Amino acid sequence: MTDLFTPNRRRLLTLAAGAAAAPFAPAILRAQEPGRVVMSTWGGDYAKLLTQNIEEPLLKPQGIEVVQDAGTEPTRVAKSIAQRRLPRGSVDVICVQAPAAYDLEDSGMLEPLDESKVPNLKFVQPAFATPYSIPHIYSPQVIAYSPERVKTPPKSFDEMAAYGSKVGILDNSYIWVAMAAALKQQGDPGKIAEVKATMEKLIKAGARAYTSTEAFAPAIKSGEIDVGLVWHARVLFWTKGGVEMASSFPTEGCLTYVSSMCVLKNAPNKAGAFAYINAALDPRAQRGFADSMGYHPTITNAALEGDVAKRLALPEGAKLLPAPYPQLSAVRDDMNDWWRRLLDRR
Amino acid sequence: MSATSHLRIEGLTKIYGSTAAVEDVNLEVAQGEMLVLLGPSGCGKTTTLRLVAGFVAATRGRILVEGKDYVSLPPYQREMGMVFQSYALFPHLTVAQNVTFGLRMRKLSKAEISSRLEETLEMVKLTTMADRYPRQLSGGQQQRVALARALAIRPKVLLLDEPLSNLDANLRQSVAREIRQLQRAAGLTALMVTHDQDEAMTMADRLVLMNEGRVQQVGTQEELYEQPLNPFVARFIGHSNLIAGDIVDADSFRLPGGGVMKLARRYAQRGPHTLALRPERVRLHVGGDAAPPRATAQVEDATYVGGYVDYLLSFEEGSSLALHEPTGATGGTRRAMGETVAITWDSLNERLFDPKGTTIPAMESA
Amino acid sequence: MTTRRPEGLTASMLIGPATMVVMLSLVLPLALLARYSLNKYDRRTFMIDAFTPENYLRFVTDPFYTGVLWTTFSIAIVTTLLCLLLGFPIAYKLARSQSRWKSIGVLLIILPLFIGSTVRALGWMGVLGRGGIVDAAYGALGGSGISLLYTSFAVGIGILSINLPYMILTLQSVIEGIDARLEEAADSLGADPTRRFRHVVLPLALPGIGTGGILCFILAMNAYATPFLLGGARFQMMAPMLYREFAVNNNWPFAAAIAFILMLTTLSLTAVSGLLVQRRYRAP
């Protein structure tokens, strides 16, 4: 779905208003009914788990009914941008990755949050807290490796990069690899542009780049690659699926994937939206996600137990850091362009 | 005949799976002769023609032209000119390009090609149409282009597949005459297929009547009409009443119901036979007849159709007979329905077939 | 047939609304897209109203982008020609076949169309990738470690396998429309199979070759899933690049410009080849 229309108010009113607003009309109507929250989310497992762990057990008893508006992140972000000038949008809560949440905030589209609106905010692990979003779940970026072929697990980015052509990179999160390099070599993950040479060296050495995340596990399995930076949750997922894979936490620290939830400024049901994200921070909901998806809870009061705790346990002294969102946002366009050319030129 | 035969087909057979489309066909065509294959649909006539053209591979047999066996050669090496029912003109080529197609395939010289083109177009009177495309021509003109295209290569044998069937009825006769003229003028040996009896009668030097993959009779128009070799030929060429019964006496033919006809000739054979009588060769018995009538029947139906009155007569047990009485003598008066009439016929017009379908001879002392 | 009578008027009135709907749903988004392509990109607001050719200039002046266009074009041309070469004999056999296996053959060709191109690309990944069928076979023969995945070869094979059915079906229906008697006529006039093909079948099949070629060319130019999955990160084609600009980089103006460049290139090449075919086939 590509609802292309301009954020310009004048044009919205003249050209695109009728036609473009039409697809959202049902959602707007639904949202206007009391007790209904429109949740813009990824489809698939994540959406299913939202229903199972948050919407059914926690929101339904409060009389809140949730309508999910599922789609890929770019599509949903585009839709929200398109509606940003409308006094009432069609979406209440939007689920995006933390960098996108930063961008939405930067564009002035997000409702500020505080404990008066979302009481559970006080339990949020301080490292991942922001004034404009809640961290819903997180997973550190680890060095995944084949325990069969890698006898001494790499302990840092540099040790991993030494594997050269046996390194796998997920094309859509190459910039996280760059941030990991910056963290190790520059001591600051925000100095992304400064590690271009490192990345270039890695690519020149024959590191593989995969356009789909799913290609990573078969590549480890077949011996095409031995190591690579991926989310810890992914390693757990693949291991559960029978792939021989282990995680090593770089000593310089792990950049951490965070999935955020934000409330849009033009949300038609803000009270419902706050209730939703408050419920998302409920320990019961958090444990549910950890159990099913292998992502870590973002709150301090949801200690894990038993098998889940063992699987998700972080090694002693593991340092988790959020990505440097402002720096990331600033260099991303240039980096993307540079990365394309780097890959192509080989 | 075999000494002068130009095209000779020996034991030609085509078997599809377990059924024989064409079985053991033997034919001889003299130089310049037009032989017409005739028969109902599915009789194998078209397959025979396509076997000769080479579009269908023969299971057995030989196809000899001037003594050379062509049966295993591909069609493009057979030098047979084919005129298709649908004409099969190349839609993307002009009349001239269509006509010279075969010449170009033979890599003749430019001069030779253009002189033959001119000559051939003149023959079919299409000189002014040379630059037209087939779709810009009438059906008759297309037919002539198809003919010209086949003639231009100066084929050893001309093959014609139902050449008139796509034409308007009023055009057929003139085109038929035209084809005959061109074929005669070129002295071409020709093999033509048709399902239309009149067409076959008009165009053929000799006819081949086929049924169920086999040749039933080969001969001139007269031979097939006057001396059909079996009931199928008798019924297919013209029309014949085929009456089943028993020869009970040298000249008595008993119908299944018990009625007896007096035969015009005497036969040695006895037992079940089929009597073939052509409607126009049977007449109503009149007072002036010297001989007694051969049978009596009742008028079931009488239709005045101009040249004759078409009677449907019935004998007692439902076996019936068509009879055509010329209106010249009677002025067209019809007998009343249900009236009992006497009928008779001449000895020449009476044929009897035994149960195997072969004609039986009469005794000499008739 | 000249039916310029009241019925003609009625008919045009009847198809009027449908035409309007099609035109609106086709032209309106295109017009919007054209407008966007002249805007400026901004990281925060994503798009600033402007009237600038800079998105187009950025594309045509940068060898990186023109290189991607050229790669796309080369892949499209090569796969289309291969489709033609491989598809024609199959289409011809199918069209001329009278056996009862014919419908099964047609079904076998249609069948892959029921499966999306993504799924088929994933299948090819299993065939061409490390540990895949080709690799295993090569290993069994004594070789070691061959991965054809993420190469232009893989993309070519993938697009070929997706486009071939379209080519075959298009050609088959056109060849079926060529009277088999025409070939027999050529035969009887002394044309051997090669010349019969050149002088009769080929010129008459030309419209089908044109249609099939254009179809395959357009499909290849716009291929997305196949180059994305089989070409990998290092192999650039237009559609994945366009999608990345739009959805990952959120640069709508530039994505719109790329879309227009891709569309105009495809359209003009299609128009040119269409004209050539028509001139060749149409009698003056």
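Modeller: In this predicted model, the rule finds one salt bridge across the interface of chain C and chain B. The side chains that meet in a salt bridge there are those of Arg50(B) and Glu184(C), with a distance of 2.6 Å from N to O. Around this pair, the contact involves 20 residues of chain C and 23 residues of chain B. The area that chain C and chain B bury between them is about 1900 Å², and carbon and sulfur atoms account for 66% of it. On the side of chain C, the residues that lose the most area to chain B are Ser188(C), Leu189(C) and Arg195(C), which together give 31% of what that side buries.

Chain C also has an interface with chain A. There the contact draws 39 residues from chain A and 33 residues from chain C. About 3300 Å² is buried between chain C and chain A, and 52% of this area comes from carbon and sulfur atoms. Two salt bridges are found by the rule across the interface of chain C and chain A. The side chains of Arg341(A) and Asp62(C) meet in a salt bridge, at 2.2 Å from N to O.

As for the arrangement of the chains, two pairs are in contact, and of these chains A and C share the most contacts. Chain A and chain B do not touch, and their nearest C-alpha atoms lie 47 Å apart.

Chain C itself contains twelve helices and two strands. Read from the N terminus, the order of its elements is α-β-β-α-α-α-α-α-α-α-α-α-α-α. Along the principal axes, the C-alpha atoms of chain C fill a box of roughly 75 × 75 × 30 Å.

Within chain C, one helix pair can be described in detail. The axes of H7 (residues 152-176) and H9 (residues 193-221) of chain C come within 9 Å and cross at roughly 155 degrees. H7(C) and H9(C) are therefore roughly antiparallel to each other, as angles over 145 degrees count as such. The crossing of H7(C) past H9(C) is right-handed. On H7(C), the residues making the contact include Ile159(C), Tyr166(C), Met167(C) and Leu171(C), while those on H9(C) include Leu204(C), Gly208(C), Gly212(C), Gly213(C) and Cys216(C). By class, the residues in the contact of H7(C) with H9(C) are twelve nonpolar, six polar and no charged.

The axes of H4 (residues 110-123) and H5 (residues 139-152) of chain B come within 9 Å and cross at roughly 140 degrees. This angle makes H4(B) oblique to H5(B). The crossing of H4(B) and H5(B) is right-handed. Arg116(B), Thr120(B) and Met123(B) of H4(B) form the contact with Ala148(B), Leu151(B) and Ala152(B) of H5(B). The contact of H4(B) with H5(B) has four nonpolar residues, one polar residue and one charged residue.

Technical notes: Residues numbered from 1 in each chain as written. Chains lettered and ligands numbered in written order. Predicted model: local features only at pLDDT ≥ 70, side-chain atom pairs only at ≥ 80, totals over all residues. Heavy atoms only, no water. Axes fitted to C-alpha atoms, helices over the stretch in contact; angles between N-to-C directions. Helix = DSSP H or I, 4+ residues; strand = E, 2+ residues; numbered from the N terminus. Parallel < 35°, antiparallel > 145°, perpendicular 65-115°, else oblique. Left-handed = near helix turned anticlockwise from the far one by under 90°. Contact = heavy atoms within 4.5 Å. Nonpolar A, V, L, I, M, F, W, Y, C, P; charged D, E, K, R; others polar. Buried area = accessible area lost by both parts, 1.4 Å probe. Salt bridge = Lys/Arg side-chain N within 4 Å of Asp/Glu carboxyl O.
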